[in-house]
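Please examine the sequence and the three-dimensional structure shown below. The paragraphs that follow lead through them step by step.

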2 protein chains.
Amino acid sequence: MAPKLTIRDLLPTDWRGIWPFLEQIIRAGETYTWPREVTEEGARVRWVQPPPCRVFVAVDEADVIVGTAKLLPNNEGGGSHVANASFMVDPARSGLGVGRALAEHVLAAATADGYRAMQFNAVVETNIGAVRLWQSVGFKILATIPDAFDHPVHGLVGLHIMHRNLP
Amino acid sequence: MAPKLTIRDLLPTDWRGIWPFLEQIIRAGETYTWPREVTEEGARVRWVQPPPCRVFVAVDEADVIVGTAKLLPNNEGGGSHVANASFMVDPARSGLGVGRALAEHVLAAATADGYRAMQFNAVVETNIGAVRLWQSVGFKILATIPDAFDHPVHGLVGLHIMHRNLP
């Protein structure tokens, strides 16, 4: 059954609840273009960036962090009205709607913050669950960069550029 | 007449020769997604990044810097075999082949460094000279992100994603 989720802004003490599943995701190397051997501090710096970046967490009824997302401008200056976002869901909570709940929260936050569109730069094409989720909330694949990601199981696969306008 | 150019790696003393024309380009706000009001130190940090980023300068016969380029991985980890590059040419030396000479040097350096492809993430579609130059050295437009750049003259215009494989 789907957990009852609360999504809120990151608190300074939240990292300890994020790192265990974020580490699993990065060490697996199948969905993020991060160094697989990244240190905990390197991961924290990459995930918890200063404003204008915003970081959110999804917590279950027991106040356990089950997912996290970040929202930031995709570019600076003349490109700062387009948002970028990233999502990590505890693999043990996969398929329970955590990613969708985070996606809806982040899209609403981006709209409220005045962003005009959202763009993902590197969605691994074999990450079918993520691709389908983004398509179901209005994203389109604008291009697939061929052979741009070295997947530990599948070898060279494409990276999708995905985009949607915001209301 | 085209100047006789030498292209070499950046020296620590080169920044003073780069900043005057780089500042013009950034303040104009027509081609880069940087804050137009960036400070000199902010610009230096954005341009002269640590390894694996490499920075090059093009100098004329009088040893005056007329252009600069940087080469770095477009992503980390499983995406680090695709290069990214950026180019700045002194507007006073426009049309003299400086951009092309830098492009050929950077493509050769990227190939020598083992990159498999090169990707540009944000080529402003109204920057026709740059788009034509990249097409002439083998890049293709894989997508244009609509309205992704707020141009100070033209308003919202697209950003091209451009890509080519390396030999």
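The largest nonpolar core has 84 residues, and those with the most contacts inside it are A:L102, A:V106, A:V123, B:L102, B:V106 and B:V123. A nonpolar core is a set of buried Ala, Val, Leu, Ile, Met, Phe, Trp, Tyr and Cys residues joined through C-beta atoms within 7 Å; buried residues have 20 or more other C-beta atoms within 10 Å of their own, with C-beta atoms placed from the backbone. The model is predicted: local features need pLDDT of at least 70, side-chain atom pairs count only at pLDDT 80 or more, and totals for chains, interfaces and linings use all residues. Residues are numbered from 1 along each chain as its sequence is written, and chains are lettered from A and ligands numbered from 1 in the order in which they are written.

Beyond its neighbours within four places in sequence, A:L102 is in contact (C-beta atoms within 7 Å) with A:I7, A:F56, A:A58, A:G67, A:A69 and A:F87.

Chain A also holds an open sheet of 7 strands with mixed pairing, in the order β1-β2-β3-β4-β5-β7-β6. Strands are DSSP runs of E, at least two residues long, numbered from the N terminus, and two of them pair if DSSP finds at least two bridges between them. Because β1 (6–9) and β6 (140–151) of chain A each have a single partner strand, one side of each is left without a neighbour in the sheet. Within chain A, β3 (residues 65–73) and β4 (residues 82–89) run antiparallel and are joined by 7 bridges; A:P73 has A:A83 in β4(A) as its bridge partner.

Finally, 100% of the interface residues of chain A are also interface residues in chain B, so the copies meet through the same surface.

How values were computed:
A residue is buried if 20 or more other C-beta atoms lie within 10 Å of its own, exposed if 12 or fewer, and partly exposed in between; C-beta atoms are placed from the backbone. Two residues are in contact if their C-beta atoms, placed from the backbone, lie within 7 Å. Helices (H or I, at least four residues) and strands (E, at least two) are DSSP runs, numbered from the N terminus.
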